[in-house]
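Student: I would like to go through some local features of this model. Could we begin with the terms?
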Amino acid sequence: MMLWMIDSEQTDRLSTRPSVRPTDWFDDLPPAVPTLKGYSPERRRREEYEALGFMTDAHPMQLHTEQLRRFRLCRSTELQQHVGRHVLAAGMLTAAKPVHTISDEPMEFATFDDGDGLIEAVLFPRIYRERGHVLFDQGPFIFRGKVEEEFGAVTLSVTHLDRLERVRPKLRR
């Protein structure tokens, strides 16, 4: 509200009397600053995420809840129950480490956050060559892969990967 006041009132006053400048922005306040209607929580979160790159009161995946409802997703907390099976998952990219195989082929280890926990994923050389280029920011991403467990660690070997906003239009066809 104060920024509104500065933009509207002070700009008008300063432009009509350029030689008279208040010593403080608050010296010449109008009697009442109008109360502006607050944004809805959804809009505030979207604006906050767009401006800051994060939200202060929710996980960024909550912005995509409606779009993700049409998919049958496996949550990070359920991966252990699906060892040996292929699942569909979604999440924000939190970390990625490109590496090379013993035969010098590029691949990548990636960590996705679905809002409930972390999904440790591996993009082996074929899928990394074909789809690794889509991992240029946080996402969100939607991906399919085989759940594997080794030495007590559960990982997802990715077989399909795309950005959420690119998958939605394909579903409408």
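Tutor: Helices (H or I, at least four residues) and strands (E, at least two) are DSSP runs, numbered from the N terminus. The model is predicted, so local features need pLDDT of at least 70 and side-chain atom pairs pLDDT 80 or more, whereas totals for chains, interfaces and linings use all residues. Residues are numbered from 1 along each chain as its sequence is written, and side-chain values use heavy atoms, without hydrogens and water.

Student: Where is Asp104 placed?
Tutor: Asp104 is in the loop between β1 (86-100) and β2. Its phi is positive, about 65°, although Asp104 is not a glycine.

Student: Is Asp104 buried or exposed?
Tutor: Asp104 is exposed, at 56% relative accessible area. Buried means under 20%, exposed over 50%, and partly exposed in between (1.4 Å probe, protein chains only).

Student: What about phi of Phe151?
Tutor: Phe151, also not a glycine, has a positive phi near 55°. Phe151 sits in the loop between β4 and β5 (153-163) and is exposed at 82%. Most residues other than glycine have a negative phi, and most peptide bonds are trans.

Student: Which residues does a cis peptide bond join?
Tutor: Gly139 and Pro140, with omega about 25°. Pro140 belongs to the loop between α4 (125-131) and β4 (141-150).

Student: Changing topic, which strand holds Thr111?
Tutor: Thr111 lies in β2 (residues 106-113) and is buried, at 12%.

Student: Which residues does Thr111 touch?
Tutor: Leaving aside residues up to four places away in sequence, the contacts of Thr111 include Met92, Leu118 and Glu120; contact means heavy atoms within 4.5 Å.
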